[in-house]
Amino acid sequence: MGSLFRSEEMALCQLFLQSEAAYACVSELGELGLVQFRDLNPDVNAFQRKFVNEVRRCDEMERKLRYLEKEIKKDGIPMLDTGESPEAPQPREMIDLEATFEKLENELREVNQNAEALKRNFLELTELKHILRKTQVFFDEEGGLNHTTESMTRALITDEVRATGASMGPVQLGFVAGVISREKLPAFERMLWRACRGNVFLRQAMIESPLEDPTNGDQVYKSVFIIFFQGDQLKTRVKKICEGFRATLYPCPEAPADRREMAMGVMTRIEDLNTVLGQTQDHRHRVLVAAAKNLKNWFVKVRKIKAIYHTLNLFNLDVTQKCLIAECWVPLLDIETIQLALRRGTERSGSSVPPILNRMQTFENPPTYNRTNKFTKAFQALIDAYGVASYREMNPAPYTIITFPFLFAVMFGDIGHGAIMALFGLWMIRKEKGLAAQKTDNEIWNIFFGGRYIIFLMGVFSMYTGLIYNDIFSKSLNIFGSHWHVSYNKSTVWNNKMLQLSPATSDYEGTPYPFGMDPIWQVATSNKIVFQNAYKMKISIIFGVLHMIFGVVMSWHNHTYFRNRLSLIYEFIPQLVFLLLLFFYMVLLMFIKWNRYAATNKMPYSESCAPSILITFIDMVLFNTPKTPAQGCEVYMFWGQHFIQVVFVLVALGCIPVMLLGKPIKIMQARKLANVQPITGADAEVGGMSNGVGGGGHGGAGHHDEEEMSEIFIHQGIHTIEYVLGSVSHTASYLRLWALSLAHAQLAEVLWTMVLSIGLNKEGWYGGVFVTVVFAFWAILTVGILVLMEGLSAFLHTLRLHWVEFQSKFYLGQGYAFQPFSFDSIIENGGSASGDAE
């Protein structure tokens, strides 16, 4: 089969490159993204490899670019992104890039330092301006400095002096003025009071407008304070407290004339600083705008250079130190394309010695590589989330493209809800280029956008199953009329809640509805649930059994491809027979019952004689004789049913020991005949078959741990028990299709009945306003609960059905992903070059 149904065939190659051409050749391979290099120096420290200095230079350039990016984002300057990816620069261009980045960084740092110094001076002058204004108000309120000094002196005379009645001479008070953060002011005031024992007088006033911190640009609210004290000892104590609270002190003259003169000088200096600051900011803005035009391209170039040198560090040097040797996994179909890329790289470097790409023979398990496009990528991601496929085993992704949205739609069948989902997916598909260019970090949005094709298909399939169920927002479409003609009058219908639709009466025309369900079932409140229950439960089992049979048939493709004759004979055949004779036979009984029994048929094929499929299946497995039906009815649905059922059960039970013992016994006989040591685990899996490079078995070659016969018997026993019991539990697991479909329909009906119908029943002029509000509420609940929450629930249940019930029949998922050296993936992941290269 082609690569769509299996992973690509891989080859391990050895690559010889001349030292002068190695950089250009690896650059071409990075643009191609089809080569996964192996580390040939696993024991060498990362700091001891040949190109570690170049990698460090790239790290330094990235650091400078991140600094520029931070400054550009701080100023809100848009960065030009053309969407194009420039080629990796030549090694000699690294010097020019380093010089450019060094010049930009130094210039920007110098501008920032100057701007910070200017802002600090501006802040100091602004604070001094507020101090001069506020202190002038303080002194004016007291009527002059002399009067203030006298009043302050009287306030600071201690009680002890008053008690002794001692006389005091003239006292001169000192004061300090400064600015402190507003949030520290209460604690600052308490500390002054306690440390100075109440011998200081504090006045403070808030600065209304916030001040900019020159260090980080934050807006800080501050207050001006002035502290009066007596003596040098208190002065020292007050200054220490101010220093501890990071309060800034400023000189404040005592004379009003001196304060006015200083204030005028401060205002002049502030105006000059404003002019210089504006010029500095303009210069900084011009530097950043020029850098923003090329920043994205610079990032890409540096990350490509760094990725190339990381990859070159994986190579080995030959004895002459003139040739680099690499080992790499490549897709077999792309070897010619890779050789052309190597040739282009050699021509670019000017080397005269062509590179050599040799295919190597190996028994190692190759990586798994499934080619994807923007449509199949999301479906492949669902499969890989369970486990990466073993090398060359069947890939479920192509089949999942159909089965996944279909099984989802069985649970989510509603034309209206499916249309909402399909339109949302279609919008993302139509706008995918613009949406992809935004590169948001919102994980939920990235998940939705990555699965846009899945969402669109799930919506389209849900619209189809909604047509089958004839369900649109819990109502029906009356396209073909109805094949029922109820002959009751209105009063009988409205007053008798137990009336049911009966096909045995003349109300039913006797012919099936052309497409989907008859719309009359939507108003059949008495037996609508009973009818839909029976219908959806049976189709769930039918789809489930067919899905599982398809999974077992997929294992046949694996066994024949790997030439695993033992697994084909002793696993596939008994597994398929077991599933067909028991569960597919149960499905056939459903169709026989639908075809043979009807309400209009006469005995013994009347509706009252129809046996229960579940009871029939249980009696079949337990070899019970069915109970005698009502008079006129037959025990079995067709002639020879009892004999066929006994044979089917006996053959199905006989398949169990074949699955359990057939393969281990054959392996044990092969050992005795060959008279060899215990075979390897890989040989035990494939029965000793080999298929060349990497094809030693379903599950991979290259596993050389010996496996004893007891382990083989236990391993086979576990798989047999898992399959036999799993066939029962997996069949029952598909009933989730019925349960979630019924729950979705009932929730939609509840929203219609208890929300929207209330608004539709209102009459009068206010009815239009009321129904608008109710409709908005109903629409929010519909999208939030029925589309998002119910959609997520159905999605997870569908995922489980594929991972457990379907893939467990054939899919091992024990491989490891092919991770080629690709510039696109490195840039998309933000420059993680070492992870992709190694």
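This is a predicted model: local features need pLDDT of at least 70, side-chain atom pairs count only at pLDDT 80 or more; totals for chains, interfaces and linings use all residues.
I begin with helix α7, which runs over residues 232–244. The helix has 13 residues, and the distance from its first C-alpha to its last is 18 Å, close to the 18 Å expected at 1.5 Å a residue. Which residues of α7 are buried? They are Leu234, Val238, Ile241 and Cys242. These residues lie on the same side of α7, because they cover an arc of only 100 degrees around the axis. As a general point, an α-helix has 3.6 residues a turn, so residues three or four places apart point the same way. On the other side of α7, the exposed residues are Asp232, Gln233, Lys240, Glu243 and Gly244.

After α7 comes Arg246, with a positive phi near 55 degrees.

I turn now to Asp414. This residue sits in the loop between α12 (397–411) and α13 (415–430). Asp414 is buried, yet it has no salt bridge. Where is the nearest side chain of opposite charge? That side chain belongs to Lys536, 9.0 Å away. A polar atom of the Asp414 side chain does, however, lie 2.9 Å from the backbone nitrogen of Gly416.

Finally, I come to the surroundings of Asp414. Leaving aside neighbours within four places in sequence, Asp414 is in contact with Ser462, Met463, Gly466, Asp471, Ile472, Phe473, Ser474 and His744.

Note on methods:
Residues are numbered from 1 along each chain as its sequence is written. Side-chain values use heavy atoms; hydrogens and water are left out. Helices (H or I, at least four residues) and strands (E, at least two) are DSSP runs, numbered from the N terminus. Buried means under 20% relative accessible area, exposed over 50%, partly exposed in between (1.4 Å probe, protein chains only). Lys and Arg count as positive and Asp and Glu as negative; His and the chain ends are not counted. A salt bridge is a side-chain nitrogen of Lys or Arg within 4 Å of a carboxyl oxygen of Asp or Glu. A polar contact is a pair of N or O atoms within 3.5 Å; within protein, one must be able to donate a hydrogen and the other to accept it, and residues adjacent in sequence count only if both atoms are side-chain atoms. Contact means heavy atoms within 4.5 Å. The expected span of a helix is 1.5 Å times one less than its number of residues. The arc is that of the directions from the helix axis to the C-beta atoms.
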